[in-house]
Amino acid sequence: ATPMSVMVGVGRGAKEGVLIKNAEVLEVMEKVDTIVVDKTGTLTQGRPEVTAIEALGDWNANDVLAIAASVETQSEHPLAQAVVRRARADGLKPIEAIDFNSITGRGVRARVGNQEVMIGNADWLEQQGIANVDEGRAKAGLYQSEGATVVIVAIDQSLAAVLAITDPIKESTPSALKTLHELGLKVIMLTGDAQPTARAVATKLGIDEFHAGVSPSEKHDFVRKLKAEGKTVAMCGDGINDAPALAEANVGIAMGTGTGVAIESAGVTLVGGDLRGVAAACHLSRKTMSNIR
Ligand code: ADP
Ligand code: MG
């Protein structure tokens, strides 16, 4: 039978916005020594905005934005929604896009009119045979060093624009991380985003270990590796791309603001996506377990 104090603990958690699925989660949480966090939507608000558009070659910014938004209306990625919102705000009308394709963690492609459009990260565009991607990388650097995500638009195999997309850090994130560090927990950030952006965000937040360009299956493998090294791991994430890692972790912690798949894969859900709930869950579990003993 579930001890009374565990039920009390779960109830207290719920009041603080920490929804705990079962007694076992509360038990394991006490032993957690490593917190793995996703960047986008977990440390950041997950509501990115296009903050700069730099057209390249003969292109002008509005034309590229209209074409890019035409493709991104078919993607559910938060970056895609940022592009679509910006185009709408600038009064641009989307054009019909066909043959849409989405490559998880890399980018999207489609045909708009008779143009072949690709939008995504520099490495992927390079693999697709786009020339002069280094020109885009050079333009990207400045924005990335400020923590912005950069996506590159290529039209008919050449660079058309660099879009800087900013996703502000949640107000609660710095204090959440401070408390986790005070509890003696190691915090590691994993992201599908590029290295310079990841570094800027990690530095700003005082996160000592981070890995960029990480695919969903690599997030999962990373958590598995930590466990094999004897670590007890809590993984915090919000997206479909985090679900495998959430399920693999000793404790999966989903942002309540995230996708249903993430929430289903996790043992803990943080109402409002407030990361301070992780420390609250640790406190709660330590207290509950010491009551039982
Ligand atoms: P994260 O782990 O930060 O949530 P993802 O793994 O979802 O990021 O995406 C990684 C990268 O792939 C993005 O930073 C972006 O460069 C590219 N990307 C993915 N989807 C899209 C899209 N719909 N439009 C443009 N770029 C995209
Ligand atoms: Mg995310």
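A residue counts as buried here if 20 or more other C-beta atoms lie within 10 Å of its own, with C-beta atoms placed from the backbone. A nonpolar core is a set of buried Ala, Val, Leu, Ile, Met, Phe, Trp, Tyr and Cys residues joined through C-beta atoms within 7 Å. The model shown is predicted, so local features need pLDDT of at least 70 and side-chain atom pairs count only at pLDDT 80 or more, while totals for chains, interfaces and linings use all residues. Residues are numbered from 1 along each chain as its sequence is written, and chains are lettered from A and ligands numbered from 1 in the order in which they are written.

**View 1. The largest nonpolar core and a second one apart from it.** The largest nonpolar core has 52 residues, and Met189, Ala234, Met235, Ile253, Val268 and Val278 touch the most other members. Helix H13 (residues 276–292) gives the most to this core, with five residues; helices (H or I, at least four residues) and strands (E, at least two) are DSSP runs, numbered from the N terminus. Another core, of 40 residues, lies apart from it and includes Ala140, Ile152, Leu159 and Ala160.

View 2. The protein chain is divided into domain 1 (4–45 + 169–292) and domain 2 (49–166), with bounds that come from an automatic or database domain assignment. Their C-alpha centres lie 31 Å apart. Across the boundary, 13 residues of domain 1 are in contact with 11 residues of domain 2, contact being C-beta atoms, placed from the backbone, within 7 Å. On the side of domain 1 that touches domain 2, H9 gives the most, with five residues.

View 3. Within helix H9 (residues 195–205), the buried residues are Pro196, Thr197, Ala198, Val201, Ala202 and Leu205. Their cover includes H3, helix H7 (133–145), E7, helix H8 (173–182), strand E9 (186–190) and strand E10 (209–211). Just after H9 comes Gly206, with a positive phi of about 70°.

**View 4. The surroundings of ligand 1.** Here 22 residues surround ligand 1, and the closest are Thr40, His77, Gly105, Asn121 and Gly192; a residue is near the ligand if its C-beta atom, placed from the backbone, lies within 6 Å of it. Among the elements that give two or more residues to this shell are helix H3 (39–43) and strand E7 (149–155). Ligand 1 lies between domain 1 and domain 2 because both give residues to the shell around it.

Technical notes:
Buried ≥ 20, exposed ≤ 12 C-beta atoms within 10 Å, placed from the backbone. Contact = placed C-beta atoms within 7 Å.
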